[in-house]
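Please keep the sequence and the coordinates in view while following the text.

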Amino acid sequence: DNVRYGTSVIRWTGSAPGVASYMLKLQGPQNPGGAINWLSFDANSKSNLSGILMDTISHLNSTGLSIFKHTGVGLRLTVSGATGVSGPGYGACDNTFYHLRITAPASGGSGLDLDGNYTNTNGNGTASDGGMDACSNTFYAPMLWHDANTASTYSVRLGFANNNRFFGVS
């Protein structure tokens with residue numbers, strides 16, 4: 001049974017995308033963030049389809065966001081490319097999520113991915129290069145599921161991430 005906290009459901013009704021895609025992409029740099037409230041994203045079990053990508057988004061507040069039937073990752077917070085060079089010196093940080101639901105993934109679906117990007121400035125591969133992480137994000141009462149029948153899926157993956165907080169996880 002899907003937990004649908006969103007009052008509006010956005011459902012993927014087309015065919016499966018030919019390449020890995022997201023239902024919603026928020027591309028920054030964006031600081032301060034804004035809000036996504038009371039929305040549900042139903043990926044309809046289509047192959048190559050993930051939920052939401054938040055790239056270099058900071059200070060976003062979200063309540064009642066729900067993602068389900070996805071075959072990729074449910075929600076990914078990251079910093080891609082060299083966005084930090086031209087934007088604010090900030091990663092994917094200080095976002096707050098209340099009642100985030102990433103449930104009922106389709107085959108191969110994972111949950112939450114906090115990965116930042118430590119090589120986003122000059123590409124030498126160390127944090128001292130000025131890379132930006134997924135940091136200081138707060139999750140209140142999240143429900144984070146993954147497809148337990150598929151190897152290498154996860155409920156939460158912490159890549160280049162620090163100081164993230166989870167309260168009341170189920």
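Two strands are said to pair if DSSP finds at least two bridges between them. In this predicted model, strand 8 and strand 11 meet that description, pairing in the parallel sense over 4 bridges. Within this pair, Leu 75 stands opposite Leu 112 in strand 11. Strand 8 also runs parallel to strand 5, to which 4 bridges join it. Here Asp 55 stands opposite Thr 78 in strand 8. Strands of a sheet pair through backbone hydrogen bonds, either parallel or antiparallel.

Strand 8 is mostly covered, with 5 of its 6 residues buried. The largest nonpolar core has 24 residues, and those with the most contacts inside it are Met 54, Leu 75, Leu 77, Phe 97, Leu 100 and Leu 112. Two or more residues of this core are given by each of strand 5 (49-57), strand 8 (73-78) and strand 11 (110-114). Strand 5 supplies the largest share, 4 residues.

Leu 77 shows what such a position looks like in detail. Leaving aside neighbours within four places in sequence, Leu 77 is in contact with Met 54, Phe 97 and Leu 112, among others.

An open sheet is formed by 5 strands in the order 3-6-9-13-17, with parallel pairing. Strand 3 (34-37) and strand 17 (165-167) stand at the edges; each has a single partner strand, so one side of each is left without a neighbour in the sheet. Neighbouring strands of this sheet are turned by 10° against each other on average, direction ignored.

The bridge partner of Asn 37 in strand 6 is Thr 63.

Ile 36 has its place in strand 3. Is this residue, Ile 36, buried or exposed? Ile 36 is buried, because its relative accessible area is 9% and buried means under 20%. Not counting residues up to four places away in sequence, Ile 36 touches Leu 60, Asn 61, Ser 62 and Thr 63, as well as Leu 24, Leu 26, Met 54 and Leu 65. The C-alpha atoms of Ile 36 and Leu 60 are separated by 7.9 Å, although the two residues are 24 residues apart along the chain. Met 54, one of the residues touched by Ile 36, is also among those with the most contacts inside the largest nonpolar core.

Technical notes. Residues are numbered from 1 along each chain as its sequence is written. This is a predicted model: local features need pLDDT of at least 70, side-chain atom pairs count only at pLDDT 80 or more; totals for chains, interfaces and linings use all residues. Side-chain values use heavy atoms; hydrogens and water are left out. Axes are lines fitted to C-alpha atoms, for helices over the stretch in contact, and angles run from 0 to 180 degrees between N-to-C directions. A nonpolar core is a set of buried Ala, Val, Leu, Ile, Met, Phe, Trp, Tyr and Cys residues joined through side-chain atoms within 4.5 Å. Buried means under 20% relative accessible area, exposed over 50%, partly exposed in between (1.4 Å probe, protein chains only). Contact means heavy atoms within 4.5 Å.
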